[in-house]
Amino acid sequence: MTRRILGISGAPGTGKTTLANWLHRKLSRNNLECELLAEPARRLAVQGVRIDQQMSVNDYDAFIRAYTERDSSASAPLAIADRTPVDHYSYLAANRNMDQRFVEHHRNLAHGAMERYRHLIYLPVEFPLQADGFRVTSEAYRRELDQAINDMLKDIGLPVVVISGGLTQRRRALLAIVRQMWPELFFSQAGGLAGG
């Protein structure tokens, strides 16, 4: 299996979507072959899947299926994933509302799904939570999700880079990682891609 996915993980409101969309636009404008793997949470929520502390067995199963289908469809040399199966598992770990066998089963599914990933970016909680009618609104719950993400990131065996700071700093750091991990994308550009 070719590891082609760069995953961006973090608790709600840490800037995953903003950063993933920016990187995709930046690379696409420079004719670099990449694709954006959009996070499935909003689509699932419209379908009635819960994304909170009251998630059910069916909700968790719907999430892991959505990530598996999305990630297995990646075909470009570089795919940028807004959220990852690590994020999915964090809800299960933080909610603590399923029996241990179910938790372990989903942990194994998330581990297996991460085999498509080549590199992970973790965005720590640095900004206040902004209510948008979709994200969680409890700061304590967001911190629990963040801790669950951290615990799993230590366990999956992939390179993980923490990117913090302001938006410009994050963009530069992310672009540097992509240049390092996928140099073949930039080979014909001969330094033509600026960092800001």
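Reply: Let's start with a helix pair: α4 and α6 are oblique to each other, oblique being what is left once under 35 degrees counts as roughly parallel, over 145 as roughly antiparallel and 65 to 115 as roughly perpendicular. Keep in mind that this is a predicted model, where local features need pLDDT of at least 70 and side-chain atom pairs count only at pLDDT 80 or more, while totals for chains, interfaces and linings use all residues. Residues are numbered from 1 along each chain as its sequence is written, and side-chain values use heavy atoms, with hydrogens and water left out.

Me: What describes two packed helices?

Reply: The angle between their axes and the distance between the axes. Here the axes of α4 and α6 come within 8 Å and cross at roughly 120°. The crossing of α4 past α6 is right-handed.

Me: Which residues of α4 and α6 meet?

Reply: On the α4 side they include Val86, Tyr89 and Ala93, and across from them in α6 are residues including Leu145, Ile149 and Met152; contact means heavy atoms within 4.5 Å. By type, the contact of α4 with α6 has 11 nonpolar, 2 polar and 2 charged residues.

Me: How do α1 and α7 cross?

Reply: Helix α1 (residues 16–29) and helix α7 (residues 167–181) have axes that come within 11 Å and cross at roughly 55°. That pair is oblique too, and α1 passes α7 in a right-handed crossing. Trp22 and Leu23 are among the α1 residues in the contact, with Leu174 and Val178 among those from α7.

Me: Now the core. Which residues touch the most other members of the largest nonpolar core?

Reply: A nonpolar core is a set of buried Ala, Val, Leu, Ile, Met, Phe, Trp, Tyr and Cys residues joined through side-chain atoms within 4.5 Å. In this one, of 36 residues, the answer is Phe63 and Ile156. Elements giving two or more residues to this core include α3 (57–72), α4 (85–95) and α6 (139–153). Ile156 touches Val86, His111, Met114 and Leu120, leaving aside residues up to four places away in sequence.

Terms used. Buried < 20%, exposed > 50% of the residue type's maximum accessible area, 1.4 Å probe, protein only. Helix = DSSP H or I, 4+ residues; strand = E, 2+ residues; numbered from the N terminus. Axes fitted to C-alpha atoms, helices over the stretch in contact; angles between N-to-C directions. Left-handed = near helix turned anticlockwise from the far one by under 90°. Nonpolar A, V, L, I, M, F, W, Y, C, P; charged D, E, K, R; others polar.
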